[in-house]
Amino acid sequence: MKPPLFCALLLLTGTLQAAEDTRQLAPMPGPAETNLRAEMRAGLLALNEILGLVAAGKLKEAGELAEKELGVSAMGRHRGQPFDARPGPHMPPAMHRIGIDGHQAASDFARIAASADREKTIAALPSLTTSCVVCHNSYRLR
Ligand code: HEC
């Protein structure tokens, strides 16, 4: 085999491997998925607002928003809905755990922001996105 062709094949194999999706499939009923996706978009919006508030030095507001939208206070919003519409109970336990850990991390962040210590609040910012990244890298719905 000529070296250029061999190199091209190697590259192609690499690309195919990178495209392979190794995340665990965790399907849930349609209504639960709709609620999960809406909650996710709201979470991203909240995250963006929190970053803006921290950048503007509005730490108290950032903490309040983090608690309300991402923290433990935001858990169990679908509790009153039919079972099929509740995302949490349809998740594998390890996935559900990541979600709960994320809510707890956001509440921890909220407490730090409430102290109005700018250095500590900024240092705690990455804790807001850890659970997003861990869950998205591990699970998919389809
Ligand atoms: C417990 C797991 C879990 C956590 C934690 C999590 N997500 Fe998700 N998220 C998902 C899954 C599963 C999907 C759907 C992926 C798919 O399409 O297969 C999703 C989808 C999304 C979407 C796309 C919504 C749409 O309309 O399709 C956004 C935006 C998103 N997540 C943002 C976030 C942000 C921001 C965080 C952290 C604050 C976060 N997520 C935390 C599991 C999670």
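Let me start with a definition. Six donors count as octahedral if opposite donors are over 155 degrees apart and all others lie between 65 and 115 degrees.

Now the model itself. It is a predicted one. The protein chain has 142 residues, and 30% of them count as buried. There are 7 helices and 2 strands. Reading from the N terminus, the order is α-β-α-α-α-α-α-α-β.

On to the iron. Which residues coordinate the iron atom of the ligand? M40 does, through SD, and H136 does, through NE2. The distances are 2.0 to 2.1 Å. Why is the arrangement called octahedral? There are 6 donor atoms around the iron atom of the ligand, and the angles they subtend run from 83 to 179 degrees, so the arrangement is octahedral.

Look at where those two residues sit. M40 lies in helix α2, residues 30–55. H136 lies in helix α7, residues 130–138. The pair therefore ties together parts that are 96 residues apart in sequence.

How accessible are they? M40 has a relative accessibility of 42%, so M40 counts as partly exposed. H136 is at 46%, so H136 also counts as partly exposed. The limits for that class are 20% and 50%.

Next, the surroundings of the ligand. The space the ligand takes is the largest pocket. There are 14 residues around the ligand. Which come nearest? M40, R41, C132, C135 and H136. Three helices each supply at least two residues of the shell: α2, α5 at 93–114, and α7. Helix α2 gives the most, with 5 residues.

Start with the arginines. R37 has a polar side-chain atom 2.8 Å from an oxygen atom of the ligand. For R41, a polar side-chain atom lies 2.6 Å from a ligand oxygen atom. R41 is also among the residues that come nearest to the ligand. Then H136 again. An N or O atom in the H136 side chain is 2.8 Å from a nitrogen atom of the ligand.

First stop, A116. Where is A116? In the loop between α5 and α6, the latter being residues 118–124. Phi of A116 is near 65 degrees, a positive value in a residue that is not glycine. Most residues other than glycine have a negative phi. Is A116 buried or exposed? A116 has a relative accessible area of 53%, so A116 is exposed.

Second stop, N35. This residue lies in helix α2. Its relative accessible area is 18%, so N35 is buried. Which residue 52 positions away in sequence comes within view? P87, with the two C-alpha atoms 7.0 Å apart.

F109 sits in helix α5. At 1% relative accessibility, F109 counts as buried. F109 and G71 are 38 residues apart in sequence, and their C-alpha atoms are 8.7 Å apart in space.

To wrap up. The iron atom of the ligand is held between M40 and H136 as coordinating residues. The arrangement is octahedral, because of the angles among the 6 donor atoms. Helix α2 is the main supplier of the shell, with 5 residues. And the ligand takes the space of the largest pocket.

Terms used
Residues numbered from 1 in each chain as written. Predicted model: local features only at pLDDT ≥ 70, side-chain atom pairs only at ≥ 80, totals over all residues. Heavy atoms only, no water. Donors = N, O, S within 2.8 Å, 3.2 Å for Na, K, Ca; no water. Tetrahedral: all angles 85-135°; square planar, octahedral: opposite > 155°, others 65-115°. Helix = DSSP H or I, 4+ residues; strand = E, 2+ residues; numbered from the N terminus. Buried < 20%, exposed > 50% of the residue type's maximum accessible area, 1.4 Å probe, protein only. Near = heavy atom within 4 Å. Polar contact = N/O pair within 3.5 Å; in protein donor to acceptor, adjacent residues only side chain to side chain. 1 Å grid on protein atoms, 1.4 Å probe; cavity = no way out; pocket = protein on both sides within 12 Å on 5 of 7 lines; lining within 4 Å. Sits in = over half its atoms within 2 Å of the grid points.
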